[in-house]
Amino acid sequence: MVHNPFKDAASGKTLSAAPTPSDYLKDSIFRSFAYFCALSIILLVAYIVFELGSQALPAIKAHGLGFITGTTWDTNKGEFGVLPEIWGTLYSSLLALLIGGVLGVAIAIFLTQGFVHAKIEVIFRTIIELLAAIPSVVYGLWGIYVLIPLLRPVALWLHENLGWFPLFSTELSGPGLAPAALVLAIMILPTVAAISADAFRRIPYKVKEAAYGMGATKWEVILKVMLPTASSGILAGLVLGFGRALGETMALAMLIGNMNDISISLFAPANTLASLLASTFPEAGQIEIQALMYASLVLLVITFIVNVAGLAVQQYTMRKFEGKK
Amino acid sequence: MNQTNEQVQVLPPRLELPGLEKNVFELRALKNFFLTGLVWGLAILASVPLISVIYMLIVEGGSRLDLEAVTALPPAGFETGGGFGNAILGTLTMVGIASALSIPIGIMAALYLSILNPNSKIATTSRFLAKVLTGFPSILAGVFVYAVIVITTGTYSAWAGGVALAVLMLPTVTLAAEEAMKQVPQKMKDAAFGMGCTRTQVIFKVVLPTALPGIMTGVILAVAGAAGESAPLLFTALFSNYYMSELAEPTASLSILIYNFSGMPFENQIELAWTASLVLVMLVLFFNIMARVVGRTKFRE
């Protein structure tokens with residue numbers, strides 16, 4: 001008989017063994033459990049949409065589309081409209097996007113285009129990450145006691161001297177759109193900066209080298225080569241930052257003044273969908289809660305559209321660069 | 001190309017070359033200098049709020065940070081002293097509930113998304129919805145849980161607050177864990193499969209141990225985020241002026257305490273709001289630093 005070394009190996013002298021039937025059973029149980037967990041995310045989203053929808057149904061039936069174009073929120077009369085809130089949400093988020101977007105992209109350029117030593121870069125990156133880590137209420141508190149007193153004299157001066165300009169047509173009497181939008185800008189800055197920096201890092205090094213090789217200055221390289229190449233990634237960052245701003249609640253509820261007015265002035269108090277929910281929900285009666293459910297459905301739809309758009313742009317960018325690599 | 005060649009031939013020999021020396025006063029050099037200054041300025045401007053927030057927290061909040069503040073009950077009206085011990089306990093409890101719910105489900109879902117069946121329809125849909133959920137306004141998690149739990153049970157509770165936080169943590173945990181698991185080299189998994197391992201054995205013996213630091217980082221960051229959340233707790237856990245005795249009653253949390261106290265006309269409450277903010281930020285930063293330390297071990301190995 002020929003000696004077979006493999007038989008010795010398989011006869012209990014080693015630790016390795018084929019999976020036993022119980023291993024296979026565990027395997028299939030474990031895998032189906034994982035399957036249900038993955039499915040649970042889908043079910044959760046479906047359930048959220050269903051639940052908000054069914055809770056809002058009485059209000060949808062009662063107010064119809066007039067809810068979106070109505071401008072009064074009066075519990076006693078049973079009149080509910082969220083146009084001022086939709087306006088406030090979009091206006092404050094756009095202002096925040098303007099400020100936070102410029103700062104975020106500037107920081108992304110600053111961090112990725114070799115302006116600073118690696119050690120200083122780490123410091124700045126940590127600062128940006130910490131900005132994202134600070135809770136929304138803390139920004140709200142800071143806004144009330146630091147930012148508003150600081151902005152007041154500036155706002156007063158602008159109103160007195162440039163009051164004819166629609167943006168400065170009212171006084172800042174305390175909370176208002178300007179402090180809210182500034183805090184919002186600080187809160188979305190890290191999102192924009194992180195996604196834009198990522199977009200810059202995805203650009204192959206060769207592209208930059210080629211531009212420098214042509215004798216371009218650093219900023220000619222950045223503005224004419226790097227920015228256009230990273231533009232879709234930056235766009236994704238801006239759209240996702242905008243989405244974040246739309247849904248931000250606490251800092252706005254503390255700073256925006258919760259007034260149901262539509263005003264173009266930067267210093268007028270306003271309201272947003274999320275802060276309407278935060279400020280009126282806890283004391284609302286049944287009819288008002290149904291209207292608030294409708295309002296939250298509106299907020300859900302707006303943020304859903306913006307986020308899906310942002311993700312689509314991001315996915316497009318990734319595919320574009322991964323295809324080229 | 002051809003054109004330039006012809007031009008060179010046609011032009012007279014005394015052609016002046018463009019300046020090849022660097023000239024600092026040239027327009028493009030000045031523009032370069034100006035923009036570099038601008039971007040430095042903007043980067044420093046962006047760090048001003050953080051420095052200001054931290055300064056205020058230390059100066060305003062630090063002055064009241066003592067044993068009384070972290071153990072006593074919130075003061076009412078004109079009372080002096082007091083603290084927010086019940087809010088610290090409430091925050092920790094609800095974050096605990098949220099973690100217990102979302103971390104196991106999130107990691108299991110991530111296993112399915114990254115290893116078991118990455119390209120199936122369920123996985124792609126689930127991954128996409130998780131990404132959408134990360135941009136989901138946190139207050140809507142509160143509205144949803146209010147409709148599902150608070151209306152059904154008839155009371156605000158720590159349970160409801162915990163579930164609302166779990167809804168927010170779940171997508172973050174899932175996506176972070178998936179990202180960490182994707183970093184496990186395919187060769188290692190293939191080697192294990194080649195030995196005849198079942199998929200579950202590969203997961204427990206190869207994937208999870210290798211991806212652990214990355215998963216932990218993601219999980220801890222999600223916990224830090226949940227600890228600072230307040231919007232989902234507003235009308236799920238509500239608030240309470242007393243220490244919690246059970247999970248099915250309104251529960252205090254640090255963030256709601258800050259929100260409530262920030263608008264009060266009393267000096268004492270406002271001071272306590274700053275102190276509570278300091279404690280909350282320290283809690284969040286503690287988790288953040290922990291996540292970094294855990295994440296760094298990954299690169300040393």
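**Figure 1. Separation of the two domains of chain A.** The C-alpha centres of domain 1 of chain A and domain 2 of chain A lie 32 Å apart in this predicted model. Domain 1 of chain A covers residues 20-62, and domain 2 of chain A covers residues 67-324.

**Figure 2. Contact between the domains of chain A.** Domain 1 of chain A contributes 7 residues to the contact, and domain 2 of chain A likewise contributes 7 residues. On the side of domain 1 of chain A that touches domain 2 of chain A, 5 residues are nonpolar and 2 are polar, with no charged residues.

**Figure 3. The side of chain B that touches chain A.** In this view, 71 residues of chain B are in contact with 72 residues of chain A. Elements of chain B that each give two or more residues to this side include α4, α5 (121-134), α6 (138-153) and α11 (267-300). The element that gives the most is α2(B), with 17 residues. Sorted by class, the side of chain B that touches chain A holds 48 nonpolar, 19 polar and 4 charged residues.

**Figure 4. Helix α4 of chain B.** Helix α4 of chain B runs through residues 85-116 and has 32 residues. From its first C-alpha to its last, α4(B) reaches 45 Å, close to the 46 Å expected at 1.5 Å a residue. This helix is mostly covered, with 24 of its 32 residues buried.

**Figure 5. The kink in α4(B).** A kink of about 25° is found at B:Ser102. The proline B:Pro104 follows shortly after this kink in α4(B).

Methods. Residues numbered from 1 in each chain as written. Chains lettered and ligands numbered in written order. Predicted model: local features only at pLDDT ≥ 70, side-chain atom pairs only at ≥ 80, totals over all residues. Helix = DSSP H or I, 4+ residues; strand = E, 2+ residues; numbered from the N terminus. Expected span 1.5 Å × (residues − 1). Bend = angle between axes of the 7 residues up to and from the residue. Buried ≥ 20, exposed ≤ 12 C-beta atoms within 10 Å, placed from the backbone. Contact = placed C-beta atoms within 7 Å. Nonpolar A, V, L, I, M, F, W, Y, C, P; charged D, E, K, R; others polar. Domains from an automatic or database assignment.
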